[in-house]
Amino acid sequence: MADERTESPLPRKWSRAGRGASRLIQAGFLVGLVVIWYLAATRWGVNRLLLPNPVAVYDNLLDILRSGEFVGDLQTTLGELAVAFAISAAGGVTLGYVISRSRYWIAVFEPLFAAIYSIPIILFLPLFVLFFGLGPASKIALGAAISFFPIVINTIAGFGNVDPLFVRVARSMGASDYHLFRHVLLPAASPVILTGLRMGFTVALLSIIGSETLASLAGLGYHIVHLAEAMEMARMYAYIVFVIAIAVALNAVVSRLEARGKRD
Amino acid sequence: MTGAAPKRLPLLRGLARRPWFARAIVIAALFAVWEIAARWFVDPLFLSPPSEVVASLDKVFGTRGVPAALQLTLFELTVAFGLAVAIGLALGLAIGLQPLVRRSFFPIVLLLYGMPQVTILPLFILFFGIGAASKIAFGVTHGVFPVIVTVVAGVQNLKPILLTSARSMGASRWQIFRHVIFPHMVPSFFAGMRLGMSGVLLGVLLAELYVSIAGIGYFTTLFTQNFDPTKLLGLISVLAAMAILLNAVVRRAENRFARRRAE
């Protein structure tokens, strides 16, 4: 499955003037949004519970960063993410490799995984909570289950589409199983697998924050809901900004790693 | 299957050669494991065997409010999908047809698309309440971005000369859209609709599970809290079937229009 999100169809070469103009428009747009937000919160009488003053949000954000109260939640979420991704990456790549060794098994399993992949697995969250409780275990299980599918599908695609000619040539030159894997199969398959791992990481992060929001006792998602229920709106907005920044940064790091892995 | 297969193949070996048959066996084996585990190894408060789940499907539908909840969720999905496609198409065209606008706003769209929207779910409840409106709104924000992105991608390599010549021949705005722009972007538009449908499903279901007073989220919570895994599994299976069906419908539409264009 191709990932449509990251392929920017923008032309590579922008004229310098056009680029300057569009940067200006972008900046103007963002400034305009903040100004409208400010005016709506202070002048136009939008309820403070719905839309807190952006200045208060900014102060709260600084306070959150300074006080370090996010450390515990961040550790919980990142810990869950690390375990879930380790499980799904190890399981998905291994199983994908085993299945990809035979055309027949690919034909058996690939449509099955693709069909399950099209179900929003978040539906099964109540079951995960029932089995694993409200703690980190249910988030890990859900994150691993959701991220398993893009990883295994891409691994099958990666190893399954290696040109048989390469394999035959390597064999006829006397490559052992290990050499074949290390020097032919892996380099040929790794770009597709890396894409799968990146997609898996993104959905694991998303589903873990999501399940923390829906049912949990700790973590970044939980904290946002907690603040919402306490009606501490300015702080909640600040926390949302913080969590989004973390998520965007993590995704950027992973995309960078993917690009680097593909270059080598 | 290859024609080289020997003619008098025993039936079983012939079947085993067909991937769909092995796939059916794998699925059956999974259900068997589930059945055995639920019958003899797992506490019935947490898991019930598939045979029982299927047998009690009518009880799930018989539960007061469940048919209405399914209907409500389907309604939310439909409205959210319709809005996501309409808004996505309008925004995509507005952004995609002008190079300057595209260069300015498309990065913003991609940035928003990459954000974990579930963090702002509590805000949606605050703004739109706990009824259907918040589910629809959350579904729209999940579904609209893939539509925008694919519409922009679909119209951006439209040759300006086509637009200019259509205009110089006196085509109206609507005619240009109908006969020049639309045919050009059909394949990517339908791909976007499919991605939008998965987005809408995700958004609506997330919002349903977060808080709900009449939709299916209410009943999943109820069945979980009552430790009634039979009904919970039944309801979830129905919803999963619904999701697969909706995806299949959109995918079929996509294939059909892609073929028509190819002809």
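Residues are numbered from 1 along each chain as its sequence is written, and chains are lettered from A and ligands numbered from 1 in the order in which they are written. In this predicted model, local features need pLDDT of at least 70, side-chain atom pairs count only at pLDDT 80 or more, and totals for chains, interfaces and linings use all residues, while side-chain values use heavy atoms, with hydrogens and water left out.

Chain B has 12 helices and 0 strands. Helices (H or I, at least four residues) and strands (E, at least two) are DSSP runs, numbered from the N terminus. The C-alpha trace of chain B spans about 75 × 65 × 30 Å along its principal axes. Its radius of gyration is 24 Å, whereas a compact globule of 263 residues would have one near 18 Å. That radius is taken over C-alpha atoms, and the globule rule is 2.2 Å times the number of residues to the power 0.38. Of the 263 residues of chain B, 45% count as buried. Buried means under 20% relative accessible area, exposed over 50%, and partly exposed in between (1.4 Å probe, protein chains only). Among contacts in chain B with a separation of 6 or more, 74% join residues 24 or more positions apart. A contact means heavy atoms within 4.5 Å.

The largest nonpolar core holds 129 residues. Such a core is a set of buried Ala, Val, Leu, Ile, Met, Phe, Trp, Tyr and Cys residues joined through side-chain atoms within 4.5 Å. A:F113, A:M236, B:I181, B:F189 and B:L235 touch the most other members. Helix α10 (residues 173–210) of chain B gives the largest share, 18 residues. A second, separate core has 9 residues, including A:F159 and A:L180. Beyond its neighbours within four places in sequence, B:L235 contacts B:V60, B:V66, B:L70, B:I216, B:F219, B:T220 and B:F223.

Helix α7 (residues 121–128) of chain B has as its buried residues B:L121, B:P122, B:L123, B:F124 and B:I125. Their cover includes α8 (177–214), α9 (220–229) and α10 (233–263) of chain A, together with α8 (132–156) and α10 of chain B. B:G129 follows α7(B) and has a positive phi, near 80 degrees. In chain A, A:G200 lies in helix α8. A:G200 is buried, at a relative accessible area of 0%. Leaving out residues up to four places away in sequence, A:G200 touches A:F85, A:S147, A:P150 and A:I151.

Over all chains, the structure holds 5 salt bridges. A salt bridge is a side-chain nitrogen of Lys or Arg within 4 Å of a carboxyl oxygen of Asp or Glu. A:E69 pairs with A:R235, with the closest N and O atoms 2.6 Å apart. A:E69 is partly exposed at 30% relative accessibility, whereas A:R235 is buried at 12%. A:D63, A:E69 and A:R235 are linked in a salt-bridge network. In chain B, B:R39 forms a salt bridge with B:E35, the closest N and O atoms being 2.7 Å apart. B:R39 and B:E35 are 4 residues apart in helix α2 (residues 19–41) of chain B, so about one helical turn separates them.
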